[in-house]
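Open the model in your viewer and keep the selection tool ready. We will go from the whole chain down to single side chains.

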Amino acid sequence: MSAPSFKEVLAEDTAIFVNAEEFADTHTINGISMPCLIDGNELLERQKGGGGMDRKDGLFSDEILLFVKTSDFGGKPKRGGTINVDGVRTYRIKNVTDEDGIYSITMGAPQV
């Protein structure tokens, strides 16, 4: 029996990361229920010094970072598009990265 390849280990880790029984929660994204993670702390780490807020034209933006399996989400979302989360709030996509089968989507919305 041989040791699993790096790609096999990575695929297993990805499955655990977005598993609703492990780390993820179920959210409704654009009307479709799927396991994903919504993270503010990682966003702060990635922005270092930005404090999680983006100031433009006198408005502050409520920003979140969404992690979701590419196979659950579907086609890669486009920067500038919108994503509705849980039927409550619509965010504008600021950045999308495919991180080995998981989309990392940075989004912002006007703070109310």
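Helices and strands here are DSSP runs, numbered from the N terminus; a helix has at least four residues and a strand at least two. This is a predicted model.

**Stop 1: the whole chain.** Show the cartoon. The protein has 3 helices and 7 strands. The elements come in the order α-β-β-α-β-β-α-β-β-β.

**Stop 2: the surface.** The protein exposes about 7200 Å². Carbon and sulfur atoms supply 51% of that area. Of the 112 residues in the protein, 29% are buried.

**Stop 3: contacts.** Go back to the cartoon. Take the contacts with a separation of 6 or more: 51% of them join residues 24 or more positions apart.

**Stop 4: the aromatic pair.** How many aromatic pairs does a search of the whole structure find? The search finds 1. Select phenylalanine 73 and tyrosine 103 and show their side chains. Their ring centres are 5.9 Å apart, and the ring planes stand at 90°, so this pair is edge-to-face. The cut-off for that label is over 60 degrees.

Where does each partner sit? Phenylalanine 73 belongs to helix 3, residues 70–73. Tyrosine 103 belongs to strand 7, residues 102–110.

**Stop 5: buried or exposed?** Keep both residues selected. Phenylalanine 73 has a relative accessible area of 19%. Buried means under 20%, so phenylalanine 73 counts as buried. Tyrosine 103 is buried too, with a relative accessible area of 5%.

Terms used. Residues numbered from 1 in each chain as written. Predicted model: local features only at pLDDT ≥ 70, side-chain atom pairs only at ≥ 80, totals over all residues. Heavy atoms only, no water. Phe/Tyr/Trp six-rings, centres within 6.5 Å; stacked < 30°, edge-to-face > 60°. Buried < 20%, exposed > 50% of the residue type's maximum accessible area, 1.4 Å probe, protein only. Contact = heavy atoms within 4.5 Å. Areas by Shrake-Rupley, 256 points an atom, 1.4 Å probe, with all protein chains shown as cover.
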